[in-house]
Protein chains: 2
Amino acid sequence: MSSKPIAGPEIERLIQLLARLPGLGPRSARRAALHLIKKKEQLLVPLAAAAKEAADKVRVCSDCGNVDTADPCSICTDPRRDPGTIIVVEDVSDLWALERAAAMSCRYHVLGGTLSPLDGVGPEDLNIAGLVDRVASSGGAIKEIIIAVNATVEGQTTAHYLADQLADTGVKVSRLAHGVPVGGELDYLDEGTLAAALQRRSDF
Amino acid sequence: MSSKPIAGPEIERLIQLLARLPGLGPRSARRAALHLIKKKEQLLVPLAAAAKEAADKVRVCSDCGNVDTADPCSICTDPRRDPGTIIVVEDVSDLWALERAAAMSCRYHVLGGTLSPLDGVGPEDLNIAGLVDRVASSGGAIKEIIIAVNATVEGQTTAHYLADQLADTGVKVSRLAHGVPVGGELDYLDEGTLAAALQRRSDF
């Protein structure tokens with residue numbers, strides 16, 4: 001960002017805020033701001049209104065930790081979803097990714113991160129007690145917990161901790177399969193993925 | 001963009017509008033929207049306010065075509081700038097780029113594009129008559145017009161047309177130097193740039 005303001009303070013402020021979005025740097029934020037200004041009626045005015053409305057209405061679901069404009073969120077209150085299966089994810093973005101895949105119609109639980117002792121993130125910083133409570137207070141209605149955390153060291157540590165915490169509740173705990181991504185080329189995959197894909201091979 | 005809405009309609013609307021910004025696709029727009037929602041007080045609320053304020057206040061300068069929150073813009077009314085030199089640019093983004101370089105303290109004229117017969121862009125679609133008027137009505141106060149259009153075919157065509165139009169006014173017309181970009185590596189430059197850099201070499 002140039003130290004010298006180029007345009008009026010209102011435009012500079014817009015550029016500075018856009019530059020804080022993931023995926024936009026100072027240069028692309030300027031380009032985005034100019035695009036917004038040029039398309040004032042089609043884009044800038046609606047964006048201002050949409051941002052204000054989202055800011056006014058967005059809530060964190062007290063059941064699952066999802067963000068929505070209702071609490072409980074529209075997923076928790078959807079009667080067509082199976083209430084017996086809960087997919088545990090690190091973040092709302094993972095929930096959105098799984099919803100896009102549309103492979104299962106169930107409910108979610110957002111942890112809000114992973115255990116990371118080096119960064120000072122312990123179990124009390126995550127929404128883990130909420131999950132155990134949710135399972136315990138369901139009176140057996142929750143049958144399966146699918147742990148869908150990232151396949152990183154922190155993710156797997158969190159998965160093991162979660163499985164331990166859930167052991168007493170008697171609920172079935174499962175996790176995502178490892179293997180070759182659909183459309184993936186073997187040549188570009190790491191050894192761990194290839195080994196897992198071979199080990200868990202299925203009949204043709 | 002998924003056809004099935006994942007979050008509330010207010011959040012979906014925000015994602016859709018963000019996806020129309022240059023540099024953000026559907027996926028990065030979702031990430032940006034989630035980032036905004038998570039940092040509601042620090043980012044989403046200020047962005048809504050900044051976008052609204054910019055939409056309310058932004059104007060196109062009737063003298064030079066720059067966008068600002070004042071008309072005439074803050075560059076045209078800045079008394080410390082040399083009113084005798086005008087840099088002609090295609091777009092406001094080029095004006096911003098030259099201002100960042102901070103190499104000259106003068107005024108600008110934004111054409112709003114380049115001549116492009118194939119796309120149906122003729123002289124009457126650009127702010128060319130405004131520039132000729134501005135020079136003619138200055139009573140000799142404007143001494144030099146620096147044509148700083150892109151070094152593309154359309155840009156150069158526009159530059160030649162502009163120089164023709166300005167010939168009768170008696171103003172000095174110049175253009176940007178061609179050469180090796182600062183920090184550039186010869187190996188990666190095209191032949192045209194290298195030929196220009198050799199031809200216009202300077203004493204060491």
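How is Asp78(B) classed, buried or exposed, and what is its relative accessible area?

Guide: The model is a predicted one. In it, Asp78(B) is buried, with a relative accessible area of 13%; the cut-off for that class is under 20%. Its salt-bridge partner is Arg80(B), and the closest N and O atoms of the two are 3.2 Å apart. Arg80(B), in contrast, is exposed, at a relative accessible area of 71%. In chain A, Asp78(A), Arg80(A), Arg81(A) and Glu99(A) are joined into one network by salt bridges that share partners.

Over all chains the count of salt bridges comes to 14. One of them is between Glu10(A) and Lys57(B), at 3.3 Å from N to O. Because Glu10(A) belongs to helix α1 (residues 9–18) of chain A and Lys57(B) to helix α3 of chain B, this pair joins two chains. Glu10(A) is buried at 12% relative accessibility, while Lys57(B) is partly exposed at 34%. Another salt bridge stays within chain A: Glu53(A) meets Lys57(A), with 3.3 Å between the closest N and O atoms. These two are four residues apart in helix α3 of chain A, so about one helical turn separates them. Both ends are partly exposed, Glu53(A) at 36% relative accessibility and Lys57(A) at 34%.

Next comes the interface. Four salt bridges cross between chain B and chain A, and Lys38(B) also pairs with Asp91(A) in a salt bridge of 2.5 Å, N to O. Ten residue pairs are in polar contact between the chains. The buried area is about 5,000 Å², with 73% of it from carbon and sulfur atoms.

Seven of its ten residues are buried, so α1(B) is largely enclosed by the rest of the structure. Leu14(B) and Leu18(B) are among the buried ones. The buried residues of α1(B) pack against α3 (40–57), β2 (67–68) and α4 (92–101) of chain A, and also against α2 and α3 of chain B. The largest nonpolar core has 78 residues, and Leu14 and Leu18 of both chains are among those that touch the most other members. Beyond its neighbours within four places in sequence, Leu18(B) is in contact with residues of both chains, including Leu21(A), Leu47(A) and Leu36(B). Another core, of 17 residues, lies apart from this one, and Ile86(B) and Leu131(B) are among its members.

Ile142(B) sits in the loop between α5 (128–136) and β5 (144–147) of chain B, and is buried at a relative accessible area of 10%.

Definitions and conventions
Residues numbered from 1 in each chain as written. Chains lettered and ligands numbered in written order. Predicted model: local features only at pLDDT ≥ 70, side-chain atom pairs only at ≥ 80, totals over all residues. Heavy atoms only, no water. Core = buried A, V, L, I, M, F, W, Y, C linked by side-chain atoms within 4.5 Å. Buried < 20%, exposed > 50% of the residue type's maximum accessible area, 1.4 Å probe, protein only. Contact = heavy atoms within 4.5 Å. Buried area = accessible area lost by both parts, 1.4 Å probe. Salt bridge = Lys/Arg side-chain N within 4 Å of Asp/Glu carboxyl O. Polar contact = N/O pair within 3.5 Å; in protein donor to acceptor, adjacent residues only side chain to side chain.
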